[in-house]
Amino acid sequence: MDEPLSAAMPTDRARLKAVRERVLSGFRDADSGSDELVAVLQTVLAGESFSVSDVRRIGQPIVFVSDGFQALTGFRREEAVGRDLGFLMRADTDQDEAREVREAVREGRAATALVRCYRRDGSLFWNEQRHYPVKDPHGRVAHLVVVQRDVTELVHARSAHEVARQLASSLGGEGAFFSYGAILDGDGGSRIGWAHESVAAVLGFTPAELHERELLELIVPEDREAARARLLALRDEGGSRRDRYRMLNAEGRVRWVEDFAAVSWSAKEAGLVAIHGVVRDVSAERLKRLEVGGVDAVTGLPTVGVLVDRLDQAIRQARRYGGVAGLVVVELDHFDFVHRTMDPRRAERLLREAARRLQRALRRSDTLALLRESCFAVVLPDLADAEAAVPVVEKLLAWVARPFEDGSLRVELSASAGVALAPADGRRPEVLRERAEFALQRARTAGGSRFAFADDALERAAEARIDFERELRRAFAENQLVLHYQPRIRFSDASTRAVEALVRWRHPERGLLLPDEFLAGLYRARMGDTLFEWVLEQAVAQAAAWRECGDTRRVSVNVGPETLVHREFSQLVRSALERHQLHPGLLELELHENTGVLAFERGVDQLTAVRRHGVTVALDDFGTAATNLTQLRLLPVDTLKIDRSFVARVGDGADPGDVELLRAMVGIGHGLGLCVVAEGIETTVQRERVQAMDVDEGQGFLFSHAVPAELIDAATAAPPSVLRSLSVPIRSRPVQAS
Ligand code: C2E
Ligand code: CA
Ligand code: CA
């Protein structure tokens, strides 16, 4: 112990020299030697923490600890003496380092070790131990003097510095920041061991005020669960994380911070992990983000200012034209958690995707805006009535509920919404917003993943509708829907050229339901597309099956009003045909006349594309809507189906005027070069009249009701009387799925 002692001990050189001489002069008798050594050390190392162990005895017991040692560790002398110095440590001490030190000591060299030690009260400190072996006159190591220093502060600063260095490249912004160290234990504790004094600038606490406090306590209660999960992830998985959350400053006010934390060491056996982090105040940034030019940088959505304008306009418009304007506030459930546990860039992507989906669920006239982090607002300007808001809101929530995929990551989110309507719930934007937010809170406290109306009565109506829609969704999922087919007879040769696919619902409690009983609700639920896809798939498959058996009958599928403007409409049709290898000429699409000129205008490209492919198009229920002749001429259709109300009037004892009207309609169809079909033929008289008018094809109960696919051969082969007896009971009889 030559150079190391004098070099490392912070005490004055003269005293060091003295002790060296005393020590070197030798302590012949081991026991008195200890006493003498201690006496010397107490003067030389006055005030310091040190221990003396006798290494010649079994277990190398401590024979003395200084007052400084007692102060540092909390152990009284009598508690320490007789034990191995290792009692300050726990299983988490680095064994390699301990071994190196022991070896050095055995060889009579001084050595320094940095070890995690525990005070009597269980608190941890970093102990810089300098081991000085003291030899006896024979040159054998007899005693070990260990001087201890609490370097916790230094270790933290060094680790924090390392973390800060890692972060430095990406810090950016001018937000104030501070670094800290904390110990995570097996029970989820997160005790702050150290904080840099710059914490005062961010949170207003002094480092001493934070010492030994739980990190989680400084986080706002709403963010705490998420923060706990994030700390557990750090504890169990190591590495580093960057997260944003809200902290409470000394005045109890909220600060948004970004915390970059990394694991600096871990002691698995003891269940302890130390993290060091740099916390940056990003509150200002967040505010800025929401305000730049009225557009949110992440989602590209308009922010509050724009929203208020639109809402104001919508309310005025509703008042002027007597409609209803809606404000929907949609909040992603538990998004804070996601945000906290996820790489922030991923979280941003998720938010952007959520915004995109919400936008997709809306009409062009609706306005989507970002209200605050993970909370959107939608203005629905021209609702027909209050109930019309329900399907929109449901659709919004349904879109969010679809799983999000980002690379290998799959996240399932849900959202809640609050709905307020003008003028019923208020006539001013602020009032509506407050009521919508209030309803949102109700939806969230009820467990989230749902919506609530500001108005109770609406809520009950909405519930009934939701039940219906839930049943409907189940109907699709559990194959409760079936298609029946009604033949269309070509008069020239009495052959069945086409069959119309007509949907039925085999309701588990209410029996077989006809379209009239559920279609309106289905369209209101905006599930028209789903129905179309389902019917198309079944019908095309059926036509292909018939084709396999050599029956080339065309199948005709009804297209609901919204489906036509569906962007992928023509693609949908083509892929169904391809999937089942069906010739396009064996598929016909029926568009209801009152689908409306607007839909025709928007869907005309799709229709043209489908027709060019070879699919034929029929205009259904002709005569029930006021399509003008010019429009009719421009529509891309092949067939005109005259509504059954006109056919019904040309039976026995018909008014000659009605007969002439029907004749004129047939003439228009033929004049435009279209195939003309008469619907709803129930009697022979009706059949004879329309046949005399040169109508090309007929459809109606006289020939057959709509029947399951398996019965279509029997239905078309049998004479009319048989057909009737065949088909009449079908409604009340359970039928097999086609
Ligand atoms: P639609 O397209 O006019 O279909 C013909 C309807 O008239 C069918 O009623 C059929 O059973 C009925 N019908 C046929 N012959 C006669 C007759 O001689 N006399 C009388 N009184 N009625 C006759 P259904 O099946 O109840 O369908 C009603 C409507 O529901 C259909 O009218 C169609 O607009 C709609 N619909 C049916 N299936 C589908 C579908 O798969 N998708 C869509 N989007 N709509 C459908
Ligand atoms: Ca039809
Ligand atoms: Ca029809």
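At 1% relative accessibility, E590 counts as buried, where buried means under 20% relative accessible area, exposed over 50% and partly exposed in between (1.4 Å probe, protein chains only). The model is predicted: local features need pLDDT of at least 70, side-chain atom pairs count only at pLDDT 80 or more, and totals for chains, interfaces and linings use all residues. Residues are numbered from 1 along each chain as its sequence is written, chains are lettered from A and ligands numbered from 1 in the order in which they are written, and side-chain values use heavy atoms, with hydrogens and water left out.

**Exercise 1. Find the protein donors of the calcium ion (ligand 2) and say which parts of the chain E500 and E590 tie together.**

Step 1. Use the cut-off: donors are N, O and S atoms within 2.8 Å of the metal (3.2 Å for Na, K and Ca); water is not among the atoms, so sites may look incomplete.

Step 2. List them: E500 (OE), N558 (OD1), E590 (OE) and D620 (OD), at 2.1 to 2.3 Å. Their spacing along the chain reads E-x57-N-x31-E-x29-D.

Step 3. E500 is in strand β19 (residues 495-507) and E590 in strand β22 (residues 587-592), so the two tie together parts 90 residues apart in sequence. Helices (H or I, at least four residues) and strands (E, at least two) are DSSP runs, numbered from the N terminus.

Step 4. Check burial. E500 has 6% relative accessibility and counts as buried.

**Exercise 2. Which residue bridges the calcium ion (ligand 3) and the calcium ion (ligand 2)?**

Step 1. D620 is the bridge, and the two ions lie 4.0 Å apart.

Step 2. D620 sits in strand β23 (residues 616-622), while E679 sits in the loop between β25 (675-678) and α25 (684-692), 59 residues away.

Step 3. D620, at 6% relative accessibility, counts as buried. E679, at 8%, counts as buried too.
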